[in-house]
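Have the structure open while you read.

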Amino acid sequence: MPLDLKPPPNDLRSFWLPFTANRQFKKAPRLLVAADGMYYRSHDGRDILDGTAGLWCCNAGHNSPRIVKAVQEQVATLDFAPSFQMGHPQSFTLANRLVDMAPDDIEHAFFTNSGSESVETALKIAIAYHRARGEGQRTRLIGRERGYHGVNFGGISVGGMVNNRRVYGPMLNGVDHMRDTHLPEQNSFSRGCPAYGADRADDLERLVALHGHETIAAVIIEPVAGSTGVLVPPVGYLERIRELCTKYGLLLIFDEVITGFGRLGSSFAAAHFAIAPDLITCAKGLTNGIIPMGAVLTTDDVHDAFMTGPEHLIELFHGYTYSGNPVACAAALATLQTYGEDRLFENAASLAPYWEESIHALRTCRNVIDIRNIGLMGAIELAPRPGAPTQRAYDVFVKAYEAGAMIRVTGDTIALSPPLIAEKEHIDQLFNILGDALNDTD
Ligand SMILES: Cc1ncc(COP(=O)(O)O)c(C=O)c1O
């Protein structure tokens, strides 16, 4: 079918866009109509360099032929099969592949359709796990300020991005938060893990003292906080969190919806930092963004706690109609194959030093107050305009888009995460455009 590049749809009224200033957007829409590799094509016929892997998900680049073909073939073979008391081969194959690539202790995969659903699933498994082991009083959940764990009620309860929470009422009971690890006075312009802040993990010790360890089920954190603007964990922080969770019998959930599948140059951040969480939530890069899919990965210890009682009884009363959807599984299998055969995690790891040099070269651009990076993730924080927070970063975003690069903004921070197929020339192009957009913005 020929591409209908223009005009844009004549009526933008009905679609209520998520996480978007709808009225502003509809006055000057930015529409993408095609994609290939590192580039989108805009509705006005321009190539737009993808600086954000779509929304942190297209790690293998766009329209990767192997993935496209796998989806086409699967959809024509087995469109849907339930996973409730039924199955199909690909979901089992995929679960095996996932646990093979995950850290050693991970042995099982539960399928969902998004990061938000993975988070809800992991929180429920954590609470039910303790109950299955006779510790049903462990129901509290500990999250972290500035954390992002999707948009469902469990996720916003343990999350700590204020705008995502403030209008939605009291949320889950029994949730508490550690402080975040953002310490700009000590750590600004750090490269990789910042030196200061491991002691923020001791907030967990305080919360344990406050609530009693025997009431707490789990701690959920992003190993690198992504959506709040790429907060890289201070040296020693994750180790200390793991140590305290083990000491007090709390399950540690790593939310790897962004960091999973090569963003740091390894399969998961857990492998990168050599920390063993009890559960990992993932989504996004699992299918390269082509078909919605997420997963919760767990250890034998967590899984086996449920495998007791009469065998004819359902062990976990939880699941989604589309858990393990065959087309999503086909997309995921082809995606994992692509990551492996094209050595994309290795590419991310080998490009990371160049990425670091390039992003930190923007330090002298206008209004830049901090730059953070790890793997192929980075953030550039701007001083907010007095009385108009977020507007400066938004203006940079629009200027960059007009000049041919898609970046992402969160508050007054620009977040970057290119597809892992990137080459040095793409990084140069991205930072040239971004540098100009920064210097052109008052
Ligand atoms: C760490 C983390 N958890 C959960 C989510 C939610 O994922 P989804 O938008 O697929 O529901 C995201 C999305 O960015 C995320 O970054």
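Does F84 count as buried or exposed? Keep in mind that this is a predicted model. F84 has 11 C-beta neighbours inside 10 Å, and because a residue with 12 or fewer is called exposed, F84 counts as exposed. You'll find F84 in the loop between α3 (65–77) and α4. Follow the chain 237 residues along and you get to T321, whose C-alpha atom is separated from that of F84 by 8.0 Å.

Now zoom out to the whole chain. There are 15 helices and 15 strands to look at. For 442 residues, a compact globule would have a radius of gyration near 22 Å, and the protein chain agrees, because its own value is 22 Å. As for burial, 49% of the 442 residues count as buried. Take the contacts between residues at least 6 apart in sequence, and 72% of them join residues at least 24 apart.

Where they meet, 32 residues of domain 1 are in contact with 28 residues of domain 2. On the domain 1 side, the elements in the table each supply at least two of the touching residues.

| Element | Residues |
|---|---|
| α2 | 53–56 |
| α13 | 344–360 |
| β11 | 368–374 |
| β12 | 377–382 |
| β15 | 413–416 |

Helix α13 gives the largest share of that side, with seven residues. By type, the domain 1 side divides into 17 nonpolar, 10 polar and five charged residues.

One helix pair is worth a look too. How do α4 and α12 pack? Helix α4 (residues 89–101) and helix α12 (residues 326–341) sit at an angle of about 35 degrees, with 9 Å between their axes. Their crossing is left-handed. From α4, the contact uses Q90, S91, T93, L94, R97 and M101, while α12 brings P326, C329, A330, A332, L333 and L336. Sort the residues of this contact by type and you get eight nonpolar, three polar and one charged.

Notes: Residues are numbered from 1 along each chain as its sequence is written. This is a predicted model: local features need pLDDT of at least 70, side-chain atom pairs count only at pLDDT 80 or more; totals for chains, interfaces and linings use all residues. Helices (H or I, at least four residues) and strands (E, at least two) are DSSP runs, numbered from the N terminus. The radius of gyration is taken over C-alpha atoms; the globule rule is 2.2 Å times the number of residues to the power 0.38. A residue is buried if 20 or more other C-beta atoms lie within 10 Å of its own, exposed if 12 or fewer, and partly exposed in between; C-beta atoms are placed from the backbone. Two residues are in contact if their C-beta atoms, placed from the backbone, lie within 7 Å. Ala, Val, Leu, Ile, Met, Phe, Trp, Tyr, Cys and Pro count as nonpolar, Asp, Glu, Lys and Arg as charged, and the others, Gly among them, as polar. Axes are lines fitted to C-alpha atoms, for helices over the stretch in contact, and angles run from 0 to 180 degrees between N-to-C directions. A crossing is left-handed if the near helix is turned anticlockwise from the far one by less than a right angle, and right-handed if clockwise.
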